[in-house]
Every structure is written in structure tokens, then in C-alpha cells.
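Take a look at the model below.

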Amino acid sequence: MNKTIEDLANRWLKRKPDGLGALESRVLQSTLERTTISKDTNKAVAFHQTFGDRLADTIARIGGSWSFIVTFIAFLILWTAGNVWLLTRDAFDPYPFIFLNLVLSMVAALQAPVIMMAQNRQTERDRIDAAHDYEVNLKAEIEIMALHEKLDELRHSQIIGMRDEIGRLAEQVKRIDDILSKQRTSS
């Protein structure tokens, strides 16, 4: 049975082929060719990342971790304790810790855009994953519909065969009944 994308689009998606997107066409083509459609989207994304992308992801991963937060809190405690108690006479950054505020502001000013860049890339990855999930789900639905269709055809052919067999058995029963009737009338 030679099927075309147009046949599959009409039968399973209830749409005309010109109303299909590239994704649906690709899924239907893979169904016709009986090829897999799933792939590792992480490899594709990683292949296209620049050094800056990887650096931003690393900074976001480190900056958003508990180890960074705990280390940074320890640094702040050491800084303030060192400048308040240990260096009371000639403190490097005396209270109100203006230099520490400057350092924190610079870290925040640099870290925030880098984290936003990483989040934007993660959003793009999520979009790619969602599109791929849709593609795989659509292919699975089409394959399930094809299996249902095959099972329906098989069941229909079995019912036709059973009907024909019942017809043959009915004819044999009728012949046997005719033979028995003749034997009863002749005896």
C-alpha cells in the first residue's frame, strides 16, 4: 500500500498537506520512511554554544549554588570581622564598609546580566525541547493510530472469514438435515 504525506495528513491529522508545518511534514515523512525521530537535543545545543555561552552557564551554575552562597556569606563575615575587631586602628575598610559595598555592587552588576543570559539560553533550550517533545508525541500518536487501523483491518478480515465459515457450516448443517430428513421419510 503506497501512502503519501497527503494521505496521512488527511487521514490522521484531518488537514490538507498545505496546512502542515515543517514539523508535521517531517513527522509524516518519518512515518512513511519508518525512521525514528527522537534525538538528543542537548548535543545539538552544546554543539552551537560559544565560549561566552559556556562561560555564562558556568557562572550562573556556580552563582546559583548553595556552595557559592555559603562561601560568600563566610567571605562577608570574615571581611566585616577582620575590619571591625582585628583591624580596629588601621582598618582596610572601616565601618560602614564602603569598599565592600562597591565590590558587592560590582559583583551584582556583572552577575545579574550573565545569569539573565544563561536564563535566556535555558528558555531557548526549553523551547527546542518542547518542540522536539511535540514532534515525538505526534509521531507516537500517528504510529498508535496506524496500529489501531491495522488491528481494525485484521479484525474486519477475521469477522469476514468467520462469517464465510459460518455460512459454509450452515450449508453443511442444511445438507445433513436434508439427508436425515430423507432417511426419516424413507424409513
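Is glutamine 111 buried or exposed? The model is a predicted one, and in it glutamine 111 has a relative accessible area of 18%. The cut-off for buried is under 20%, so glutamine 111 counts as buried. Now place it. Glutamine 111 sits in helix H6, which covers residues 98–186. What does glutamine 111 touch? Set aside its neighbours within four places in sequence, and its contacts are Gly63 and Phe68.

Phe68 leads us to the next helix. Phe68 belongs to H5 and takes part in the contact of H5 with H6. Helix H5 spans residues 66–86. That makes 21 residues. From first C-alpha to last, H5 reaches 28 Å, close to the 30 Å expected at 1.5 Å a residue.

How do the two helices pack? Two packed helices are described by the angle between their axes and the distance between the axes. For H5 and H6 the angle is about 160°, and the axes lie 11 Å apart. Angles over 145 degrees count as roughly antiparallel. H5 and H6 are therefore roughly antiparallel to each other. Their crossing is right-handed.

Which residues make this contact? H5 supplies Phe68, Phe72, Phe75, Leu76, Trp79 and Thr80. H6 supplies Phe99, Leu100, Leu104 and Gln111.

Next, look at which parts of H5 are hidden. The buried residues of H5 are Trp79, Ala81, Gly82 and Asn83. These buried residues pack against H6.

Now turn to the loops. Phenylalanine 97 is in the loop between H5 and H6. Its phi is near 55°, a positive value in a residue other than glycine. Is phenylalanine 97 buried or exposed? Its relative accessibility is 11%, so phenylalanine 97 counts as buried.

Arginine 34 lies in the loop between helix H2 (22–33) and helix H3 (41–47). Arginine 34 also has a positive phi, about 55°, although it is not a glycine. Its surroundings are another matter. With a relative accessible area of 62%, arginine 34 is exposed. Phenylalanine 97, by contrast, is buried.

Definitions and conventions. Residues are numbered from 1 along each chain as its sequence is written. This is a predicted model: local features need pLDDT of at least 70, side-chain atom pairs count only at pLDDT 80 or more; totals for chains, interfaces and linings use all residues. Side-chain values use heavy atoms; hydrogens and water are left out. Axes are lines fitted to C-alpha atoms, for helices over the stretch in contact, and angles run from 0 to 180 degrees between N-to-C directions. Helices (H or I, at least four residues) and strands (E, at least two) are DSSP runs, numbered from the N terminus. Angles under 35 degrees count as roughly parallel, over 145 as roughly antiparallel, 65 to 115 as roughly perpendicular and the rest as oblique. A crossing is left-handed if the near helix is turned anticlockwise from the far one by less than a right angle, and right-handed if clockwise. Contact means heavy atoms within 4.5 Å. The expected span of a helix is 1.5 Å times one less than its number of residues. Buried means under 20% relative accessible area, exposed over 50%, partly exposed in between (1.4 Å probe, protein chains only).
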